[in-house]
Amino acid sequence: MSDQFSTEISDRICTHMNDDHASAIVLYAQAYGGQPDATSAQMLAIDADGMDLTAQVNGETVPVRVKFDRTLADAEDAHHTLIDMVKQARKVAK
């Protein structure tokens, strides 16, 4: 994990996303993680290059790695990137 994404920062982002934005995590798994049939998902970790999720797909829990299109600079960059990704996924889903 990079210096920009300490365990504490990763845990804080994951807790926030899992508690407040569960539907966005499902979209990440569906749109970017190659799991279009995911019905639920959790964010386990985030680093400068991507995020690790687990998703429920056809009754099974599967690991999902979503890579970012670039290396992120810090937690603020992650915040903006995650928002942009969910907006894009919602556009595609319509």
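Asp47 is buried, with a relative accessible area of 16% (buried, under 20%; exposed, over 50%; partly exposed, in between; 1.4 Å probe, protein chains only). The model is predicted, with local features requiring pLDDT of at least 70, side-chain atom pairs pLDDT 80 or more, and totals for chains, interfaces and linings using all residues. Residues are numbered from 1 along each chain as its sequence is written, and side-chain values use heavy atoms, without hydrogens and water.

Asp47 forms a salt bridge with Arg65, the closest N and O atoms being 3.1 Å apart (salt bridge: a side-chain nitrogen of Lys or Arg within 4 Å of a carboxyl oxygen of Asp or Glu). Arg65 lies in strand E3 (residues 60-67) and Asp47 in the loop between strands E1 (38-46) and E2 (50-57), so the pair ties together parts 18 residues apart in sequence (strands, E, at least two residues, and helices, H or I, at least four, are DSSP runs numbered from the N terminus). Arg65 also meets Asp52 in a salt bridge (3.1 Å, N to O). Arg65 is partly exposed at 33%, as is Asp52 at 28%.

Arg70 and Asp77 meet in a further salt bridge (2.7 Å, N to O). Arg70 is partly exposed at 41% relative accessibility, whereas Asp77 is buried at 15%. The whole structure holds 3 salt bridges.
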